[in-house]
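Here are a few exercises to work through with the model open beside you. Try each task before you read its solution.

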Amino acid sequence: MTSRFAIPPFTLPRFALGLCDDAAVFPPGLAPLADAVPAHRDHRAAAYAGLVGPLVLPATALDALYPLLGGEPLDVSITAPNGPCEAAKAVGVAADLPVEVRGLEVAVPPGMDPEEFFRVLGRPGVPVYVEIPRDERRPAFIEAVAARGDRAKFRTGGVKAHLYPGPDELAAAVTAVVAAGVPFKATAGLHHPVRNTDPETGFHQHGFLNLLLATDAALDGRPDAELAAVLADRDAPSVAARVAELGEARTAAARARFLSFGTCSITDPLTELADLGLLGSALLETSR
């Protein structure tokens, strides 16, 4: 397969470092595990390796992982969509594998409050991302996550329209975690750098650069309405220019809060960032 990307390693801008967690096995990509593992190793050995975070895997995939590793270590983030009990068991399974668990992403079951959630989860000894509920429990969970020094996870899309929070909802969530000093990641629906409407589904999708700028705005104490306007901005050249103008200090501060997002494609975000002019001369046109 020919490549569009420069063969020698190149220096990525600060905002892009570790930005993309490799969620190849999740929708809409749905790569088989046997394909996703070697593809992830290729990404981590490529010129753009600095962009790539861990391979994100569901807890249910761990039992099939060992024969695919060949004894070579692998950075993973484990999702536990069924809640803290599943998460605790997954950490035990991972302990017998040659993997480094960079994240444990745990969903909150319906009706479960923070006290019960964290009592069942315990202290697993790995970075924990709590998928913050989109209901009245959100403030209590953010407060509990902050008290424990854990991290938040926001679902920003999915296979159905109702899984996409609107700009107002996402703005309020970003404001809340930034105010609480809680780092966060995002998952699902961030298929492009800038807000857009998917031509096949009609879903209005958030842009990961919009989310970065909204995080910067929250750190600056801007009101939710301004964050919502940033998240709703569809002017790609304008959004890209604002990212480029953040500067090192503001970029570092925003990325210390907005840690990463899950994507089923690693090269698509890289290509689109290059097309927006945000990677400078880092990419070279070679054969397609």
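**Exercise 1. Sort the lining of the largest cavity by residue class, then trace where the lining comes from.**

Step 1. The classes come out as six nonpolar, no polar and four charged residues. Here Ala, Val, Leu, Ile, Met, Phe, Trp, Tyr, Cys and Pro count as nonpolar, Asp, Glu, Lys and Arg as charged, and the others, Gly among them, as polar.

Step 2. Now put names to them: the lining is I132, P133, R134, R138, F154, R155, P165, E169, L170 and A173. A cavity is a set of points on a 1 Å grid over the protein atoms alone where a 1.4 Å probe fits but cannot get out, and lining residues have an atom within 4 Å of a point.

Step 3. The largest share, three residues, is from α6. Helices (H or I, at least four residues) and strands (E, at least two) are DSSP runs, numbered from the N terminus.

Step 4. For scale, the largest cavity holds about 80 Å³ of space, and the structure has one cavity of 30 Å³ or more. A volume is the space filled by probe spheres set on the points, with grid points joined across faces, edges and corners.

A word on ground rules: this is a predicted model, where local features need pLDDT of at least 70, side-chain atom pairs count only at pLDDT 80 or more, and totals for chains, interfaces and linings use all residues. Residues are numbered from 1 along each chain as its sequence is written, and side-chain values use heavy atoms, with hydrogens and water left out.

**Exercise 2. Describe how α6 packs on helix α8 (residues 224-232).**

Step 1. Their axes come within 8 Å and cross at roughly 120°. Axes are lines fitted to C-alpha atoms, for helices over the stretch in contact, and angles run from 0 to 180 degrees between N-to-C directions.

Step 2. That angle makes α6 oblique to α8. Under 35 degrees counts as roughly parallel, over 145 as roughly antiparallel, 65 to 115 as roughly perpendicular and the rest as oblique.

Step 3. The crossing of α6 past α8 is right-handed. A crossing is left-handed if the near helix is turned anticlockwise from the far one by less than a right angle, and right-handed if clockwise.

Step 4. On the α6 side, the contact residues are P167, D168, L170, A171, A172, V174 and T175; α8 brings D224, L227, A228, L231 and A232. Contact means heavy atoms within 4.5 Å. By class, that's nine nonpolar, one polar and two charged.

**Exercise 3. Which residues bring α7 and α9 together, and how do these helices cross?**

Step 1. Helix α7 (residues 208-219) and helix α9 (residues 236-244) have axes 10 Å apart, at an angle of about 45°. The two are therefore oblique to each other.

Step 2. This time the crossing is left-handed.

Step 3. From α7 come L209, N210, L212 and L213, which meet V239, R242 and V243 of α9. That contact has five nonpolar, one polar and one charged residues.

Methods
On a 1 Å grid over the protein atoms alone, a cavity is a set of points where a 1.4 Å probe fits but cannot get out, and a pocket is an open set with protein on both sides within 12 Å along at least five of seven lines; lining residues have an atom within 4 Å of a point.
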